[in-house]
Amino acid sequence: MTSMLKIPVQQVDPRRTPPPDGEGSLQVQLDPEINIGKAKVFAIYGKGGIGKSTTSSNLSVAFSKLGKRVIQIGCDPKHDSTFTLTKSLIPTVIDVLESVEFHSEELRPEDYVQTGYNGVMCVEAGGPPAGTGCGGYVVGQTVKLLKQHHLLEDADVVIFDVLGDVVCGGFASPLQHAERALVVTANDFDSIFAMNRIATAIEAKAKNYGVRLGGVIANRSKDTDEIDRFNAVVGLKRLAHFPDLDVIRRSRLKKSTLFELEDSPGLAAVQQEYMALAASLWAGTEGSPVTPM
């Protein structure tokens, strides 16, 4: 029989009125004691199955090839964000916390952090069982552990890879830590509809936190005309375009990032696009003043 994960209930000080992050909002608030610090922090969002983990992992490698110390944090119960970096499904933060009955002082960094390809530090936050607990608690505990073990002090870049559907404040909580939110989308209605919902959530968070929409990454798309048309209306900008190439699909099947594969048609151009994206993000992108539809 599968044990039920018991997540401690977060106590709310009745004397404090948390700032609203949107109409009717009731969300996990950011603990000022677990702020990430000096690293550039990016949160990657997009429709489920659009390729956020592939995008996040290759972007992490690109940053590492620029000489940056990178931490990638997967924020999905599937805990497969770092799969191509580590070649395995690593233990989640919430699972290792449960194994020590949430006595975090008993954990060591190697219990929940693995070093992946080219030195990228990999963490999987995990998530509560379906219908129980809050994803915001899980993200908060992950950042808290990284802070306690001084793993954030030397980090240059932190990438949150967040699950596809932003339906509650819990899984929007990485936005409380991020400097820029990036949206991965394809050139189709469903992906763009999801992007519009995500933009609405990010704009709500931006009222009380420093996060701003950094732009759009077009993925798995031959063309970008519909993406560009939407961006022109709402005020977004396209930062990169990764076409629908078989080599990108095969990289996941081979448990490899695109930077580890043998040369094939189109691969060098994709690698260069990732390097250019990492360089532009490191240099700094202006936040887009977005008006979602």
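Predicted model: local features only at pLDDT ≥ 70, side-chain atom pairs only at ≥ 80, totals over all residues.
**Notebook: strands, rings and confidence**

I started with the fold and found that β6, α5 and β7 make a right-handed β-α-β unit. Right-handed here means that, with the strands pointing away from the viewer, the path from the first strand over the helix to the second runs clockwise. Helices (H or I, at least four residues) and strands (E, at least two) are DSSP runs, numbered from the N terminus.

Residues are numbered from 1 along each chain as its sequence is written, and side-chain values use heavy atoms, with hydrogens and water left out.

Next I went through the strand pairing (DSSP has to find at least two bridges between two strands). β6 (residues 180-185) runs parallel to β7, with 6 bridges, and I found Ala181 opposite Leu213 in β7. On to strand β8 (residues 238-242): it is parallel to β7 and joined to it by 4 bridges. Ile217 has Ala240 in β8 as its bridge partner. From β7 the chain passes through helix α6 (residues 225-234) to β8, another β-α-β crossover that is right-handed.

How many of the 8 residues in β7 are buried? I get 7 for this strand (residues 212-219). Buried is under 20% relative accessible area, exposed over 50%, partly exposed in between (1.4 Å probe, protein chains only).

Then the aromatics. Rings of Phe, Tyr and Trp (its six-membered ring) pair if their centres lie within 6.5 Å; planes under 30 degrees apart are stacked, over 60 edge-to-face, the rest tilted. That gives me 3 aromatic pairs. Phe42 and Phe63 are stacked, at 5.8 Å between centres and 15° between planes. They sit 21 residues apart, Phe42 in strand β1 (residues 40-46) and Phe63 in helix α1 (residues 52-65). Phe42 is buried because its relative accessibility is 2%; Phe63 is buried too, at 0%.

Phe189 and Phe193 make a tilted pair, 5.9 Å and 35°. Both are in helix α5 (residues 189-206), 4 residues apart, so about one helical turn separates them. Phe189 is exposed at 62%, while Phe193 is partly exposed at 48%.

I also checked for a charge over a ring (NZ of Lys or CZ of Arg within 6 Å of the ring centre and within 35 degrees of the ring normal). Lys40 lies over the face of Trp282, 5.3 Å from the ring centre.

Last, pLDDT, the predictor's confidence in each residue, from 0 to 100. The mean is 86, with 83% of residues at 70 or more. Residues 9-18 are below 50, and beyond near neighbours in sequence this stretch has 2 contacts (heavy atoms within 4.5 Å).
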